[in-house]
Amino acid sequence: MSTRALLCGDHDAVAAEGSDLDIVEVPGLCFQPELIGAEAESADRLVLGLWPGKYSPGLVQSELRSAGFDPFGVPLVDLREADGDSERLGVYLAAAVARAEAFSGSRPEQSKSVFPSEVSRRDLLRFPRPEYVAAPLIEVENCAAAGGCRACAEICPQTAYQWTAGRIEYDKSICEPCGLCVTTCPTGAITHPVATGSQVAAQIEAIVETERSTPGIVYGCRRASEPLTSKGWYQVELPCAAMATPQWLLAPLLMGAGAVVARPCSEAGCDLRHDEVVFRNVDYCRRLLAAAGTDADRVSTALAEVVPGPWQPAGLSEPFNPGSAPDILIAVAAAAGATDLTVDEHPASPTAEVVIDPEACTGCTVCAQVCPTGALAHAQFDGYLEISFDAAACTACGQCVPRCPEIRNNAIELVRRTDLGLIQAGRTVQYQEETLSCERCGLPIAPAPMMKKIESLLGPEQHGVLSVIESLCLECRGAR
Amino acid sequence: MDEQNEWAEAASLRQGLYRFFAAAFLPPNERRLQELELSAEYLDTYGVNRFAFAPWWFGLLDAFKDMPGAELLHSEYVRLFLTSSDGTLCPPVESYYRASAEGGGLAELLSDLERNYRRLGVQVQPDSVESVDHISVQLETMAELCRREAEGASNWESETVHKALHDQYEFISQHPAAWFPRFAERVAAADPMRFYARLTEATDAYLKHEYDFIPGLTHGVSSGDKV
């Protein structure tokens with residue numbers, strides 16, 4: 001597979017050592033995107049180096065399609081960020097190539113057309129050349145909405161997701177593809193063609209391998225207007241910096257980067273204003289690093305003048321996948337030489353502790369049924385119902401609490417706190433109650449507290465009904 | 001090209017694409033296939049690459065190059081869309097996917113569709129062998145609405161353009177966009193020759209694109225009105 005980089009202008013760019021990247025410098029490419037077709041001929045993958053503001057994204061996308069490329073699979077290098085430094089440009093090109101290699105294609109529904117927000121009367125009937133941005137897509141087979149999960153609907157700032165009767169409806173027209181849903185989804189069912197964990201991982205890996213000194217990674221917003229030119233720091237573009245979860249912020253440190261910065265939306269000139277999420281995630285990471293007894297400044301919202309030296313790479317296999325938090329926390333503790341790692345309750349904690357109050361819980365098991373990752377599970381043993389919890393599988397999505405029918409009695413509590421000991425403890429039983437069995441077939445009917453609840457709802461006048469419910473399972477009741 | 005014709009031309013291109021896809025889902029014969037191939041080449045010169053569905057359109061153009069003969073294609077058409085001898089039936093009609101799956105009755109769906117045609121001022125030709133819920137009929141309806149949009153744009157009538165876009169969105173969201181993806185999935189799984197799979201993929205990509213695109217265009221006209 002051959003990869004070519006087309007750069008607008010003259011840069012003396014050199015491909016990274018060991019790379020077979022073919023670099024072609026094309027003067028005037030920004031103004032003449034129609035040159036892409038001829039210059040990209042016979043290349044399997046493509047990277048473009050362009051000057052923002054000097055080209056029409058819609059035109060470039062059109063030419064890429066004509067040349068047989070999916071525009072979402074062609075990373076754009078902002079030439080301003082190279083700042084005239086050919087070595088720096090080489091690092092950015094290596095990162096872009098890695099991202100292109102990790103691109104796995106897009107689907108028709110993942111394109112969102114963008115039109116100008118203000119149209120003057122003069123423009124009334126001028127047909128706008130469409131520009132497309134990548135939009136998320138729910139892989140229905142991996143979605144846990146049928147069980148009651150609606151984590152995407154709860155996080156989406158534009159309310160583009162609606163949960164209705166076990167299905168998630170997605171309205172692309174109001175979505176401002178920020179990607180928060182992608183990293184929030186506990187099962188990884190939401191995909192975004194230009195911001196997958198494997199693309200980000202590949203890009204960071206390439207930066208670490210290509211940059212001579214230890215690099216700093218900056219998660220930046222694709223809407224950012226100002227280029228990043230600070231020496232030693234390299235931008236990894238995301239639909240929004242807020243989609244960088246604590247795992248995404250910590251992972252680069254475990255891959256050899258010296259520091260990580262998430263650029264707040266306001267600083268990046270983005271109008272989505274997800275600053276609060278960015279600050280929250282960064283604050284959690286800083287507390288975690290401090291708790292591990294290491295330099296908290298390695299994760300920040302502001303660039304340091306000098307990037308600190310490398311941390312101990314941990315060789316994690318898939319640090320950007322959902323559910324990677326336990327591995328990352330263990331690796332952080334190991335890198336810092338800490339035996340214990342705890343962070344008190346924090347809204348950005350990627351792990352949590354779930355506590356069930358046996359006095360209030362009726363054993364309906366809705367919490368286990370709604371849990372998208374199986375952290376909460378229920379099982380029937382010898383006349384007993386058990387609900388157990390495994391902190392290592394919990395993503396702190398919090399879906400279990402609002403779905404609990406006994407929420408007013410605080411039957412279940414989720415505390416977003418980090419405790420490595422709890423994660424390593426494995427599955428623990430949170431609730432155990434005797435279950436009434438069917439007099440006819442012997443199958444379980446319901447736990448005793450549930451029966452008590454039914455009794456209180458029916459009242460004494462329904463004693464006859466209650467005695468049937470208590471003695472026969474649903475199937476045998478029907479067969480009476 | 002002046003500004004208003006730019007919009008009219010784009011609407012005409014979209015009309016042409018709808019007509020092309022509508023014809024492609026009719027039973028194939030030598031003449032129709034030749035016309036389709038020529039139309040595809042012609043439409044392509046009007047800048048399909050501007051739109052995000054272009055890769056699937058290009059895939060269809062490639063499929064024309066490797067197209068089996070009309071006779072073979074006709075038997076494939078019959079196998080996929082008309083008979084169910086080997087259990088691979090994928091009827092290109094709305095009622096197959098919605099009347100049963102969504103609980104509504106066939107009569108209710110068809111009368112709803114007829115009502116929509118009447119409201120839009122279109123009718124299925126009395127000699128048409130295709131049912132009112134056939135994809136070709138629905139795509140022809142969209143083509144007619146694009147023609148109205150093009151006419152409005154040519155005459156600088158923003159209200160006509162706005163109404164045509166509004167009608168397009170209502171019809172596409174209530175009908176083809178609501179069932180075509182399920183049809184496309186079945187064809188993709190059942191077409192070893194790949195020609196109809198490529199055709200349904202391209203049509204599916206086009207309809208999904210239109211479903212997203214039309215509201216953006218409508219918003220553009222509305223915003224202009226307010227200035």
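**Helix pair**

I listed the contacts between two helices of chain A: A:Gly90, A:Val91, A:Ala94, A:Ala95, A:Ala98, A:Arg99, A:Glu101 and A:Ala102 in α4(A) meet A:Ser198, A:Gln199, A:Ala202, A:Gln203, A:Glu205, A:Ala206, A:Ile207 and A:Thr210 in α7(A). Contact means C-beta atoms, placed from the backbone, within 7 Å. These residues divide into eight nonpolar, five polar and three charged. Ala, Val, Leu, Ile, Met, Phe, Trp, Tyr, Cys and Pro count as nonpolar, Asp, Glu, Lys and Arg as charged, and the others, Gly among them, as polar.

The model is predicted: local features need pLDDT of at least 70, side-chain atom pairs pLDDT 80 or more, while totals for chains, interfaces and linings use all residues. Residues are numbered from 1 along each chain as its sequence is written, and chains are lettered from A and ligands numbered from 1 in the order written.

I then took the axes, lines fitted to C-alpha atoms over the stretch in contact, with angles from 0 to 180 degrees between N-to-C directions. Those of α4 (residues 86-102) and α7 (residues 197-210) of chain A come within 8 Å and cross at roughly 150°. The two helices are therefore roughly antiparallel, a term for angles over 145 degrees.

**Sheet**

I traced an open antiparallel sheet of four strands in chain A, ordered β17-β18-β21-β22. Strands pair if DSSP finds at least two bridges between them. The edge strands are β17 (376-381) and β22 (444-447) of chain A. Three bridges join β21 (residues 427-437) to β22(A). A:Thr435 stands opposite A:Pro447 in β22(A).

**Totals**

I noted spans of about 90 × 60 × 40 Å along the principal axes of the chain A C-alpha trace.

Notes
Parallel < 35°, antiparallel > 145°, perpendicular 65-115°, else oblique.
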